[in-house]
Amino acid sequence: MNQFTAVTQQDERGICCIDLAGYLDAHTATELESIINTVITDGCRRIVVNFADLEYISSAGLGVFMVFIESVRADGGDIKLAAMKPKVFTVFDLLGFPVLFEIYPTVEEAKQAFPSLDA
Amino acid sequence: MTSPVSHNGIITVPATTDHLHEIREFLRARIRAAGFSEFEENGIVLAVDEACSNLIRHAYHNDPTQSVEVALVIDPDVVTVSISDTATPFDPNSAQVPDMPTYLQERRNGGLGILIMRRVMDAIDYVPCGPTTNRNMLVLTKRRTA
């Protein structure tokens, strides 16, 4: 059973979008951590995580974003979160994570929130 | 007169994280069938997942030769989930939980499972192994709210 997938694509503005699908728990969180690590190692610091097809998240999943947020912001980038189902947002909200992370209704809005590289 | 349908049950899985989804699916189907709200169902499933994740990772170290047993009892207005194990006893009620504003400000990671259990469930009871049993028992209780 394939419980979790994360697919990365980079757009013409240099924004890396990671599309999540399935169930993000103590088992699958290591897979996401590895994928984000690869994205960052490859030089991307403008990251949008698309939660549209994510059905479940536990604290192990939340922890993955905590691992990287500081270093990405220190480099002038960000990890912006988008398109969460209400049941997934509830878990973020339960622990106050929206204070730390920017969460947008859509992927496009999250991408637009990055400053233009031309500026 | 017909007997009410029972949604109670027990699931036993190897103590590895790749079996967590089986516990969640076992709980979801039964809690939903018993007529609890999706919000209550999601909260109970999350709390039990956190408890089992902690047990598997920190007590059993992902050891497939060990097992986790989850028993579900659904009364009309209460869901009770009992998680039993033979690991070194650890009472989550004795654990210090993080202060979230500080936690987020300092970009900490991990250690949120017990806080989630406390925020979601109405009661957390723990009975360590003793002279009469070699199993520890963590009992999570959630009352129906609607």
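The questions below take the terms one by one.

Analyst: This is a predicted model, in which local features need pLDDT of at least 70, side-chain atom pairs count only at pLDDT 80 or more, and totals for chains, interfaces and linings use all residues. Residues are numbered from 1 along each chain as its sequence is written, with chains lettered from A and ligands numbered from 1 in the order in which they are written.

User: What makes a stretch of chain A a helix or a strand, and how many are there?

Analyst: Helices are DSSP runs of H or I with at least four residues, and strands are runs of E with at least two, numbered from the N terminus. Chain A has four helices and five strands, in the order β-β-α-β-α-β-α-β-α along the sequence.

User: Why is chain A called as compact as a globular protein of its length?

Analyst: The radius of gyration is taken over C-alpha atoms, and the globule rule is 2.2 Å times the number of residues to the power 0.38. For 119 residues the rule gives 14 Å, and chain A has 13 Å, which is close, so the description holds.

User: How do you know that the span of α1(B) agrees with its number of residues?

Analyst: The expected span of a helix is 1.5 Å times one less than its number of residues. With 14 residues, α1(B) should span 20 Å; its end C-alpha atoms are 20 Å apart, so the two agree.

User: Which residues of α1(B) are called buried, and what do they pack against?

Analyst: A residue is buried if 20 or more other C-beta atoms lie within 10 Å of its own, exposed if 12 or fewer, and partly exposed in between, with C-beta atoms placed from the backbone. In α1(B), Leu20(B), His21(B), Ile23(B), Leu27(B), Arg30(B) and Ile31(B) are buried. Their packing partners include β2 (16–24) of chain A and α2 of chain B. In chain A, buried residues make up 39% of the 119 residues.

User: What makes two residues a contact, and which residues does Val48(B) touch?

Analyst: Their C-beta atoms, placed from the backbone, must lie within 7 Å. Leaving out residues up to four places away in sequence, Val48(B) touches Ile23(B), Leu27(B), Val70(B), Val81(B), Ile83(B) and Leu140(B).

User: What makes a nonpolar core, and how many residues has the largest?

Analyst: A nonpolar core is a set of buried Ala, Val, Leu, Ile, Met, Phe, Trp, Tyr and Cys residues joined through C-beta atoms within 7 Å. The largest has 68 residues, and Val48(B) and Leu24(A) are among those with the most contacts inside it. Its largest share, nine residues, comes from α2(B).
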